[in-house]
Amino acid sequence: MNCQQVRRHWDLFHDSEGEADLHWQVNEHLRQCPDCAEWFARQSALEETLVQVLQAEAVPTGAVWERIERELAPVPSVSRRVEAGCCGEERC
């Protein structure tokens, strides 16, 4: 699996859905690709932040997005590396 394929399956992996083989392939890629491992960690942090913020807000407002943006800043430009072939390895 390459970086794009792995990242496309983040939601299934994160929610423990999908086939066991998919989870094995994603885990193998994450073990070998620090960029994707970092991306997965940031996606998980974003999900957790969204859940916390939305649970704390009775009616979401613009302040919700401001808090999310503060929690995530600064975000490294991982997406640019993916577009350029991620880590430069042949598997990407």
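**Entry 1, the whole protein.** I started with contacts (heavy atoms within 4.5 Å): among those between residues at least 6 apart in sequence, 59% join residues at least 24 apart. I noted that the model is predicted, that local features need pLDDT of at least 70 and side-chain atom pairs pLDDT 80 or more, while totals for chains, interfaces and linings use all residues. Residues are numbered from 1 along each chain as its sequence is written, and side-chain values use heavy atoms, with hydrogens and water left out.

I counted six helices and zero strands (DSSP runs numbered from the N terminus: helices are H or I, at least four residues; strands are E, at least two). Of the 92 residues, 22% are buried (under 20% relative accessible area; exposed is over 50%, partly exposed in between, with a 1.4 Å probe and protein chains only).

I checked the length of α3: its 13 residues should span 18 Å at 1.5 Å a residue, and the end C-alpha atoms are 19 Å apart, which agrees (the expected span is 1.5 Å times one less than the number of residues).

I then listed the buried residues of α3: L22, H23, V26, H29 and L30. They cover an arc of only 130 degrees around the axis, so they sit on the same side of α3 (the arc is that of the directions from the helix axis to the C-beta atoms). On the other side, A20, W24 and R31 are exposed. The buried residues pack against α1 (3-8), α2 (10-14) and α4 (34-56).

I found H29 in α3, residues 20-32. H29 counts as buried because its relative accessibility is 5%. A polar atom of its side chain lies 3.2 Å from the backbone oxygen of M1.

Conventions:
A polar contact is a pair of N or O atoms within 3.5 Å; within protein, one must be able to donate a hydrogen and the other to accept it, and residues adjacent in sequence count only if both atoms are side-chain atoms.
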